[in-house]
Amino acid sequence: PCALPPQLGALRARADQSLAQQRSPVSQNQSERPLEMEWRPKSDALVASSIPTTGHSAPVSRLAVAKDQSFFVSGSHDGTCRVWELRQAENSNGVLKSSLTYSGHSQGDGRAYPRINDVAIVENSNSVVSGASDGSVHVWRVGVVSTSKQSMESPTSANLGSFDRSRVSGSSVVRNIDSNEGEILAVSHFNSPSASVVTFATQKGFVHSWDLRCAREPFLLKHRPDLGYLTSMALGNDRHWMITGTNR
């Protein structure tokens with residue numbers, strides 16, 4: 001994985017307007033409008049990159065970023081998920097090192113390590129959903145602790161302040177399931193007023209739902225075989241519809 005924090009970008013003017021025009025105040029005859037500028041990453045501004053000795057030993061299949069942007073998660077064909085802290089990426093010497101490795105999918109009966117096909121963040125939490133090629137779905141929690149650090153911008157004690165930083169401390173399994181329907185090809189999560197639902201697509205063409213607050217399955221969708229096998233899926237922001245992609 002490679003990391004590019006938001007501050008390593010630049011505001012650029014729209015094609016039909018210069019940046020100076022966008023920054024100029026509106027006239028009294030015009031209604032006030034918000035400043036319209038686009039964020040663009042700086043070219044050739046790579047912050048850090050992992051290497052096999054500090055990261056995955058096989059291709060990375062999926063990435064997911066925590067809502068508070070304190071960390072992101074990667075899933076790999078080496079059978080593990082890794083957690084990476086963004087603050088560490090900014091302060092690194094160019095080599096990105098993971099803070100935590102989750103190998104729950106690789107612990108079993110001695111068979112070859114399954115591939116991690118997809119990962120997603122559980123909404124409003126530090127938990128992660130991961131789906132693997134052996135048909136298993138795991139929900140596991142990333143332990144995050146806040147540490148306070150003094151700001152030494154001024155030597156006087158009156159100007160000493162503190163700020164919080166989050167550090168990944170460990171992981172714990174919340175729940176896991178084996179679908180017995182071939183590989184798990186895609187996973188997602190959404191909250192509703194009455195449920196916390198994990199959705200996952202299987203190799204046999206089913207989209208299952210899994211309510212983390214109880215043992216029931218809110219819904220089950222079947223994909224027609226002639227449409228191909230499922231490769232990805234996404235939920236609408238209103239949680240009323242879903243879109244799926246196939247290999248055809």
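These are my notebook entries on what I looked up in this structure, which is a predicted model.

**Entry: the sheet**

I began with the strand pairing. I found 4 strands in an open sheet, ordered β5-β6-β7-β8, with antiparallel pairing. I then looked for the edges. β5 (60-65) and β8 are the edge strands, and each has a single partner strand, so one side of each has no neighbour in the sheet. On average, neighbouring strands of this sheet are turned by 20 degrees against each other, direction ignored.

I picked out V73, whose bridge partner in β7 is V83.

**Entry: aromatic pairs**

How many aromatic pairs does a search of the whole structure find? I noted 2. In one of them, F72 and W84 have ring centres 6.2 Å apart and planes at 10 degrees; planes under 30 degrees apart count as stacked, so this pair is stacked. F72 belongs to strand β6 (residues 71-76) and W84 to strand β7 (residues 81-85), so the pair ties together parts that are 12 residues apart in sequence. I checked burial too, and both F72 and W84 are buried.

Y102 and W140 make up another stacked aromatic pair, with 4.4 Å from centre to centre and 10 degrees between the planes. Y102 is in strand β8 and W140 is in strand β11 (residues 136-151), so this pair links parts 38 residues apart in sequence. Y102 is buried, as is W140.

**Entry: the cores**

Next I looked up the largest nonpolar core, which has 15 residues. Which of its residues touch the most other members? I wrote down F71, V73, C81, V83, V128, W140 and V142. Each of β6, β7, β8, β9, β10 (127-132) and β11 supplies at least two residues of this core. β9 gives the largest share, 3 residues.

I followed C81 from that list. Leaving aside neighbours within four places in sequence, C81 has contacts that include V73, Y102, I116, V119 and W140. H56, L100 and S130 are also among the contacts of C81.

There is a second, separate core of 11 residues, and V137, F200, W210 and L212 are among its members.

Strand β14 (residues 195-202) is joined to β15 by 5 bridges, and the two run antiparallel. W210 is the bridge partner of V198. The hairpin of β14 and β15 has 3 residues between the strands, and there G205 takes a positive phi near 95 degrees.

Strand β16 (residues 220-222) pairs with β15 in the antiparallel sense over 3 bridges. V207 has L221 in β16 as its bridge partner. I noted a charge over a ring as well: the charged end of K222 sits over the ring of F206, 5.1 Å from the ring centre.

**Entry: P114**

Last, I looked up one proline. P114 is in the loop between β8 (100-102) and β9 (116-121). Is P114 buried or exposed? Its relative accessibility is 7%, and buried means under 20%, so P114 counts as buried.

I listed what P114 touches, not counting residues up to four places away in sequence: H77, D78, G79, H105, S106, A132, S133 and D134. For A132 I also have a distance. The C-alpha atoms of P114 and A132 are 6.1 Å apart, and the two residues are 18 apart along the chain.

Methods
Residues numbered from 1 in each chain as written. Predicted model: local features only at pLDDT ≥ 70, side-chain atom pairs only at ≥ 80, totals over all residues. Heavy atoms only, no water. Buried < 20%, exposed > 50% of the residue type's maximum accessible area, 1.4 Å probe, protein only. Contact = heavy atoms within 4.5 Å. Phe/Tyr/Trp six-rings, centres within 6.5 Å; stacked < 30°, edge-to-face > 60°. Lys NZ or Arg CZ within 6 Å of the ring centre and 35° of its normal. Pairing = 2+ DSSP bridges. Axes fitted to C-alpha atoms, helices over the stretch in contact; angles between N-to-C directions. Core = buried A, V, L, I, M, F, W, Y, C linked by side-chain atoms within 4.5 Å.
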